[in-house]
Every structure is written in structure tokens, then in C-alpha cells.
Amino acid sequence: MQPLYGVEQVRFRKKLDTKEVFSMTEQLADMRRATLEVAVLAALTGLLEEGHPLVVAYSGGKDSSVLANLALNAGRMARTGGGRVPPIVVTHADVGSVENPEIRALVSGEMAKMQRFASAQGIALIVRVSPGPRRPRAAMPRR
């Protein structure tokens with residue numbers, strides 16, 4: 001197995017020449033640029049380019065917001081590749097009056113932003129929101 005970024009090749013040497021040090025510095029800089037975000041974006045873009053649609057379950061929280069952002073940017077990147085890009089589907093469960101009204105408004109606004117971004121980028125975005133829970137019927141008194 002070849003060592004990652006050549007670090008193992010020079011670890012036990014006492015004296016490194018300038019060329020080796022420069023090469024290691026370049027490789028470490030490349031490692032820092034290859035963040036988890038870049039890796040996930042590349043993977044999602046690859047899936048879209050292979051014709052697989054993406055589905056994001058969006059709650060409005062930090063994690064699903066990051067995933068929605070990555071999916072939409074992957075759609076933008078795949079679109080610049082020139083091929084046909086399959087749709088990105090965003091689902092959301094409206095929990096009704098259980099949720100804070102400000103959070104519900106935030107989620108609704110964020111989904112509208114996603115739709116505007118997708119439209120401007122030529123990305124097919126499908127947003128599906130499940131309806132909130134129905135009010136339970138009042139219990140019938142026993143006779």
C-alpha cells in the first residue's frame with residue numbers, strides 16, 4: 001500500500017533536501033483543501049452526473065440545512081458539466097402547531113430560497129411538505 005501523501009517515505013530520514021520539503025508542504029496543503037465538505041460535494045455531484053436523483057429530508061435544523069446546501073450546490077456543479085441533471089427532492093414534515101411559529105416561518109422561507117436558487121441555476125427541484133397533524137377529535141362522553 002502506498003503511503004498517503006508521501007509522508008512515510010521521508011519520516012525516518014534525518015536530512016531532507018529542499019525539493020522533498022517543498023513537495024511535502026504542497027501535499028499537506030492539498031490535504032487541508034480536501035475537506036469533508038469538498039469530498040461530500042464531489043460524491044453528490046458524481047451521483048447526479050450518473051443520473052441518480054438526490055433526496056434530502058429537511059427539518060430546518062443545522063444538519064439538514066447543510067445537506068440541502070450541499071445537494072443544491074452539487075446540482076449546480078453537475079449542471080455546469082452540461083449533461084441532464086436529475087431532480088433534487090426536498091421533503092419536510094410540517095408538525096403543525098407543535099413547532100414554534102418562528103421556526104415554521106424560517107423553514108418555509110428557507111425552502112422558498114432553495115426554490116429560487118434552483119430555478120436560477122436550472123436545477124429541477126421538487127419540494128414535498130407533509131401536512132401537519134390533524135386536531136384530535138374530542139372524546140365522546142360515555143353514557
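## The largest pocket

Tyr58, Ser65, Ala68, Asn69, Leu72, Asn73, Glu110, Lys113, Met114 and Phe117 form the lining of the largest pocket in this predicted model. Two elements, α4 and α5 (101-121), each supply two or more residues to that lining, and α4 gives the most, with 5 residues. The volume of this pocket is about 190 Å³, and its lining divides by class into 5 nonpolar, 3 polar and 2 charged residues.

## Helices α4 and α5

The two helices that contribute to the largest pocket also touch one another directly, for Ala68, Leu72, Asn73, Arg76 and Arg79 in α4 meet Met114, Phe117, Ala118 and Gln121 in α5. By class, this contact comprises 5 nonpolar, 2 polar and 2 charged residues. Among the residues of the contact, Ala68, Leu72, Asn73, Met114 and Phe117 also belong to the lining of the largest pocket.

The axes of α4 and α5 come within 10 Å and cross at roughly 10°; the two helices are therefore roughly parallel to each other, since angles under 35 degrees count as such.

## Helices α3 and α4

Helix α4 (residues 62-80) also packs with helix α3 (residues 36-49), at an angle of about 55° and with the axes 8 Å apart. That angle makes α3 oblique to α4, and α3 passes α4 in a right-handed crossing.

On the α3 side the contact is made by Glu37, Val40, Leu41, Leu44, Thr45, Leu48 and Glu49, and on the α4 side by Leu70, Ala71, Asn73, Ala74, Gly75, Met77 and Ala78. These residues divide into 9 nonpolar, 3 polar and 2 charged. Asn73, which takes part in this contact with α3, is also named in the contact of α4 with α5 and in the lining of the largest pocket.

## The second largest pocket

The second largest pocket, with a volume of about 150 Å³, is lined by Ser59, His92, Ala93, Asp94, Val95, Glu99, Ile103, Arg104, Val107, Ser108, Met111 and Val129. The elements that give two or more residues to this lining are β2 (88-93) and α5, and α5 gives the most, with 5 residues. By class, the lining has 6 nonpolar, 3 polar and 3 charged residues.

Conventions. Residues numbered from 1 in each chain as written. Predicted model: local features only at pLDDT ≥ 70, side-chain atom pairs only at ≥ 80, totals over all residues. Heavy atoms only, no water. Axes fitted to C-alpha atoms, helices over the stretch in contact; angles between N-to-C directions. Helix = DSSP H or I, 4+ residues; strand = E, 2+ residues; numbered from the N terminus. Parallel < 35°, antiparallel > 145°, perpendicular 65-115°, else oblique. Left-handed = near helix turned anticlockwise from the far one by under 90°. Contact = heavy atoms within 4.5 Å. Nonpolar A, V, L, I, M, F, W, Y, C, P; charged D, E, K, R; others polar. 1 Å grid on protein atoms, 1.4 Å probe; cavity = no way out; pocket = protein on both sides within 12 Å on 5 of 7 lines; lining within 4 Å. Points joined across faces, edges and corners; volume = space filled by probe spheres on them.
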